Amino acid sequence: MPFTLESKTALVTGAGRGIGRAIAGKLAEYGASVMINDLDAGPAQETEGMVRERGGRAASLAGSVTGAEFPQQLVDATIAQFGSLDIIVNNAGYTWDNVIQKTSDEQFQAMLDIHLKAPFRILRAASTWIRETAKRETAEGVRVMRKVVNITSIAGTDGGAGQAGYSSGKAGVIGLTKTLAKEWGRYNVNVNAVGFGLIETRLTQPLTNQDAAIEMQGRKIAIGVQPKMLEWAQSVCPLGRLGTPEEAASAVLFFCSPLSDYVTAEVLICGGGLHF
C-alpha cells in the first residue's frame, strides 16, 4: 500500500448506495474514519455496517443536504464524532431530465440545489474549522494537507441533451471547485473535482421499467437511461463499457490521498474516454 489515510476523517455525501458507497468503502479500506450521509437512513446504515464489518471506523447521519440547516449539522456531527475533518467528498446527487421546453422552474432549481448549492453550503459550513485548524497547525510549524473532492460529470464539461438543469449544476460545481482551490490553498487544502461518464448505478439502469423511480421531497422521479443511449455510449466509448462504482471510487481516492498533495483546481474525467 503506497499510502495510508490513517488518522484522517472523511465526510462522504450520498454514500448510501452506488458510487458513494464505493467511495466510503475505499476510503475506509485505506484507513480513514468515514461519516456517511444519505437522504435515507436505511442505506446510510447499511454502508456504515459494511465499513464496520471490514474493520473500518464509520458513523452515519441521514438527512437532505439540500436543507438550509443540515449541512452545518452534518459538518458539526462529523467533527464531534471523530475530532477532525480532513476529506470532504460532495457526491450526493440525482438526475431529473427533460428537454428544455418541458423543464419547469422547480425541476431546474432542484438540480442546482443538489449539485451546486449543497456542496457550497457544506464547504461554507466546514470553512471555519478548516481555517482555524490550519492557522494553528501553521503556527506550530506543521503542514497537514486536507482534501475536497466535488463530483461533476461529462454532462457538466460537454453538456448533455435533455439535461439543462443537471448539466448546469455539474458545470457550476467546477467553478466552485476552482474558486475554493484559490481561496483554500493557503490553508493546505487541495480542492479538485472528478467527472464521471456512465457508471453502473441505479441512475444508469436501462429505462425499461416504468416503476424505476426515486422519491424526492414527495415527488416520484423516474430514473434510468434510454436503452439506445446506453448502446450508443458503449459503442463510442474507447473502453467499450460502462464503469463500475469501484473504478469511480478509485479516481476519487487519488484526490483524497497524499499522491495529489501538489494537485489542486483540477478536473479528472473518469469516463472510459467517453465524451457526449
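User: How many aromatic pairs does the count come to in this structure, and how is such a pair described?

Analyst: A pair of aromatic rings is described by two quantities, the distance of the centres and the angle of the planes. In this model, which is predicted, the count comes to 2 aromatic pairs. In one of them, the ring centres of Phe-3 and Tyr-30 are 4.8 Å apart and the planes meet at 20°, so this pair is stacked, because planes under 30 degrees apart count as stacked.

User: Which parts of the chain does the pair of Phe-3 and Tyr-30 link?

Analyst: The pair links distant parts, 27 residues apart: Phe-3 belongs to the segment before strand E1 (9-12), while Tyr-30 sits in the loop between helix H1 (18-29) and strand E2 (33-38). Phe-3 counts as buried at 11% relative accessibility, and Tyr-30 counts as buried at 17%.

User: What are the distance and angle for Phe-254 and Phe-255?

Analyst: Phe-254 and Phe-255 form a tilted aromatic pair, with 5.3 Å centre to centre and 45° between the planes. Phe-254 is partly exposed, with a relative accessible area of 31%, whereas Phe-255 counts as buried at 3% relative accessibility.

User: How many cavities of 30 Å³ or more does a search of the whole structure find?

Analyst: Rolling a probe the size of a water molecule over the atoms shows where empty space is left. Here the search finds 2 cavities of 30 Å³ or more. The largest cavity holds about 40 Å³ of space, and helix H4 (residues 105-139) gives the largest share of its lining, 4 residues. That lining divides into 6 nonpolar, 3 polar and no charged residues, whereas the lining of the second largest cavity has 6 nonpolar, no polar and 3 charged.

Methods
Residues are numbered from 1 along each chain as its sequence is written. This is a predicted model: local features need pLDDT of at least 70, side-chain atom pairs count only at pLDDT 80 or more; totals for chains, interfaces and linings use all residues. Side-chain values use heavy atoms; hydrogens and water are left out. Rings of Phe, Tyr and Trp (its six-membered ring) pair if their centres lie within 6.5 Å; planes under 30 degrees apart count as stacked, over 60 as edge-to-face and the rest as tilted. Helices (H or I, at least four residues) and strands (E, at least two) are DSSP runs, numbered from the N terminus. Buried means under 20% relative accessible area, exposed over 50%, partly exposed in between (1.4 Å probe, protein chains only). On a 1 Å grid over the protein atoms alone, a cavity is a set of points where a 1.4 Å probe fits but cannot get out, and a pocket is an open set with protein on both sides within 12 Å along at least five of seven lines; lining residues have an atom within 4 Å of a point. Grid points are joined across faces, edges and corners, and a volume is the space filled by probe spheres set on the points. Ala, Val, Leu, Ile, Met, Phe, Trp, Tyr, Cys and Pro count as nonpolar, Asp, Glu, Lys and Arg as charged, and the others, Gly among them, as polar.
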